[in-house]
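Have the sequence and the 3D view open as you read.

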Amino acid sequence: ADRAPGSLLATARAMRAAGLLLAWALLHPTASQQCHPSSPGGVLRFTDRHAEIQVPALHRVPSSLDPLYGLVRRCLDLIQQNPLPTELLRTALNDPGSVRTSQVVQYELGYVVCAAVALLFTVAVPVAGMCFCYCRSRRQCGGRLRAHRRSLGCRRRCLLACLSFTSLIILISVTCAFVTSQRVKGQMEPGLRAVPSTLRTLQQHLANVPQGVQMVVDKFEVPQKQIISDLGGKHGARQHPKLALGMDDVLTVPWCLAGLSRSVGLSIHTQLKAITYAALADLQDRARDLQTSLHHLQILHRTVRALAAARAELEPALQERRRRVVELLDDPRCTSCASVLGRAQGLELGADYSKVPSVEKVLKALVGLPRSDFAEMIRQGNGTFNSIPELAVERMAQVIQDLRGDLARTAEKVQSIADSFPLPDYIRPVSEALGKAEERSQPYLREVQRFEWYRWIAGTVLCSIILLILLCNVTGMALGAYGLSKREDPSDYECRGEAGAKFLLGGVGLAFLFSWLLILLVFATFLVGGNIQTLVCRNWVNQEIYKFIDTPGNLPPSMNLTRQLNLRRDSNLSSAYRECKSGAGLWEVLQLDRSYDLDEHLKTPKYTADFQKRLGDFMANLGDVRLLRSEGRQDLETFARSGVDEVDYGRFQEEMKNPVVQTSLPGLARNLEGLQKMQRNSTVAGRLAAEAQALWHMQNSTVQSQEALVAKLGESVQFLSHLAPHLK
C-alpha cells in the first residue's frame, strides 16, 4: 500500500467527539432563562493529539525511466491478458497435488511463447557460433585483405554504418540495464526492510491503543477545569451604573450554568435593572416632590391668610375713599365730573380668598416630613441593589460545593470508560497474527534478498561483458577506419586492418559465448517479475486479490486472514484495506463498536443526570433584598395619602382671575387729576388733587403688596395643580 494511517486511533477520535458533547452538555444545560457567560468565548479548546507512532509510507520517486516502465507494463498486459485465475489459485492453495499442468500452461501461455523464443535463441546462438568458428577455421568467413575497388569501399562504408548503429543501440540498452538493475536493487532493500518494520509498527499501534483511550479520557480535564473555574467565580465582574431602587421584595430567581454564582447575581442584576432604574427615577422625583410640595403648600397657606387679612384692612379704607370721591364728583361746583362718577361708584373690593379651600388639613398631615434623609437612603439602596452578585455568591456556596462533588463523580464515571474497555479481547488475536506474520516472513525475506543479490551480480557481470563486446567493436571499427586512411603504406595498412578485424572477431566470439546466458537471465527475471506484476500488483490495484481472499473457500483454514485478524464474519479484508488506506483507525477496521457500544457508554445523560437534576431543581433564594428603609417608605406613603391631590386648585385659579379692587385705582386717580385741571373753583380743584393723591397712596401701599402676594400664590397653585394628578 502507498498510504498508511498516521493519525490517532479512531477510538480516540470517537471518544474525543463524545467528550466534546459531554462538555457542551455540562456547560450549556437547557433552561428557561437566557444567561450570558461572563467569559469572552464559549468554545472549549482541545489539544489535537496525533499518534506518535506512524506507519511509514513508501513512495517511488518519479524518474526519466518512467516511459520505459510504462512500455514494459503495456508489454506485460499484452503478453498476459488473462484475469486472476481464481479456480487455479483455489486448487493450488487447498489441494496442490490436483493442479493440472494444462491449467498452468493455459494461464501462462504468453510466457510459454516467450520461453520458446528464449529457448530457441539459447540454442540457436551457440550453434551459430560453432558454425562461424568452423567457417573461420576453413578461412571461408572473411579475414582476407582484398584489393581496393570502388564497389568494395561503398560496401565497407555501409557495413561501418550498420555496425556503428548497432553499437549505439547496444550502448543505450546496456546503460538502461545498468540503471534499472541498480534501481531495482536500491528499491528492493528498503522494501524488504519495510515489511517487518510495518508489522512491528502495527503491533506497537495495537499496544498503544489503551494509552490512546486513556489519553482521550484525560481530555475530560478540559471541560472539568472550565467548570471548576466557573464554579470558583474567577471571571471578572461586569460593571453596572449605580442607582437605587425603592422596593422591598424577596427575589427568587431560577438560573442557568453560564457564569455560575457571580454571573447568576449579574444576570439577576441585568434582568432587574430596567424596572429598577425606572422605579429609582420615580423615587427621586417623589422625594423631590415631597419637599417641594410641602414648601409650596406652606407658601399657599401663608399667602391666603395674608391676603384675607389685607382684604379686611383694605375694605373700610376703600369704602371711605369711595364715599368721599363720590360726594366730590357729585358736587355741582365740579365741572365735567359726571363722566367719572360711574367709575368712582364701582370702587369696590374684588377677590375674596376666604372662599378658597383650606390646605391646613394637608399641612397637618405632612407636619414633620420628611423624617428621613432620602439622599442617604437612596445611596444605601443603590449599594444594596449592586451587592446582589456578591449576595448570590454567598447564598450559592453550598450548591456550588454540591456541584463540585457531582463533577468529581462524573470524572470518575468517565475514567471508568478506560478502566472497563475490553481491549485485550480484541487486540490479542490481531497482535499474535502480526507477530506470526513477521516471524514467518523473515526466512522468505532473507531468501528474496539473497536471490536479489545473485541477480544483481549476474546482471552486472553480463552487462560488463556486453560493454567489453561493445569496446571490441568500437576498437575494431577505429583501427579499420584508420587503416583505410593509410593505404599509401601497404605494410602499415595490412597491420592495422588485420588488428581491427581481430577485435571485431573477438567481439563476435564473446557475443556467441555469453549472449545466451544474458537471454536466460532476462527471461528468468521477466518470468518472475512479470508474474508478480500481472498476478499480484495488477490485481492488487483493481482489488481482485482482496475479493479472492474474501470469498469463502478460496483460502485454506490455516490462511484465514479474517479469523486471524479477528475481523467479524460479515466484514472482509477489502473493506479493512480501504479503511486503512483512507486513514481510518483500528476502531473502525476491527469494528469494535459492534462488540463494545461506545455510543452507549458515552451517552451524556449517564454522566450528567445528577448534574442536570441539581441544576433543574435549583432556586437561588436571595432572601430579603431591601432597597428602601421603612421610614422612607412611610414618608412617601404619608405624602401620597396627605390629600395634596384632593385640594381643588381650580378654585384658587378662579379667584385669582379677580383683581384686588374692581376699579383700577391708578386709572381713577389719573381721571381725577385730569378733572382738577378743568376746574375753575380752586377749592374743588384742591379736593380732586387730594383724592387722587390718596388713591395713589392706597395703590402703592396696599394694593400692590396684595398683587405681589397673588402672584406668589399663583406660582404655588400652578405647581401643585400640575403635581396632584401624578401623586398616585
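Let's start with Thr122, which counts as buried at 12% relative accessibility; buried here means under 20% relative accessible area, exposed means over 50%, and partly exposed is in between (1.4 Å probe, protein chains only). Thr122 sits in helix α5. Helices (H or I, at least four residues) and strands (E, at least two) are DSSP runs, numbered from the N terminus.

Which residues touch Thr122, leaving aside its neighbours within four places in sequence? They are Trp516, Ile519 and Leu520, with contact meaning heavy atoms within 4.5 Å. Ser515 comes from that part of the chain too: its C-alpha is 8.1 Å from that of Thr122, though 393 residues separate the two along the chain.

## Where the numbers come from

Keep in mind that this is a predicted model: local features need pLDDT of at least 70, and side-chain atom pairs count only at pLDDT 80 or more, while totals for chains, interfaces and linings use all residues. Residues are numbered from 1 along each chain as its sequence is written, and side-chain values use heavy atoms, with hydrogens and water left out.

## The chain overall

Of the chain's 728 residues, 37% count as buried. Take the contacts between residues at least 6 apart in sequence, and 87% of them join residues at least 24 apart.

The accessible surface is about 41300 Å², and carbon and sulfur atoms account for 58% of that. Areas come from the Shrake-Rupley method with a 1.4 Å probe; for residues, only the protein chains shown count as cover.

## A greasy patch on α5

Back to α5 (residues 109-137), which gives the most to a nonpolar surface patch, with four residues. The patch covers about 400 Å² and is made by Val105, Leu109, Val112, Val113 and Val117. To join a patch, a residue needs over 30% relative accessible area and no salt bridge; like charges are joined within 9 Å, nonpolar side chains (Val, Leu, Ile, Met, Phe, Trp, Tyr) within 5 Å. A salt bridge is a side-chain nitrogen of Lys or Arg within 4 Å of a carboxyl oxygen of Asp or Glu.

Val112 lies in α5 and is partly exposed, with a relative accessible area of 36%.

Helix α12 (residues 374-386) has 13 residues and reaches 18 Å between its end C-alpha atoms, close to the 18 Å expected; the expected span is 1.5 Å times one less than the number of residues. Its buried residues are Phe374, Met377, Ile378, Gly381, Asn382, Phe385 and Asn386. They are on the same side of α12 because they cover an arc of only 165 degrees around the axis, where the arc is that of the directions from the helix axis to the C-beta atoms. Their cover includes α9 (260-329), α13 (388-395) and α23 (630-641).

In α23, the buried residues are Gly632, Asp635, Leu636, Thr638 and Phe639. These fall within an arc of 160 degrees, so they line one face of the helix. Among the elements covering them are α9, α11 (360-365), α12 and α26 (682-723). The face turned away from the buried side carries the exposed Ser630 and Arg641. After α23 comes Gly643, with a positive phi near 90 degrees.

## One more look at α13

Glu394 lies in α13 and is exposed, at 58% relative accessible area. Its C-alpha is 8.3 Å from that of Ser261, 133 residues away along the chain.
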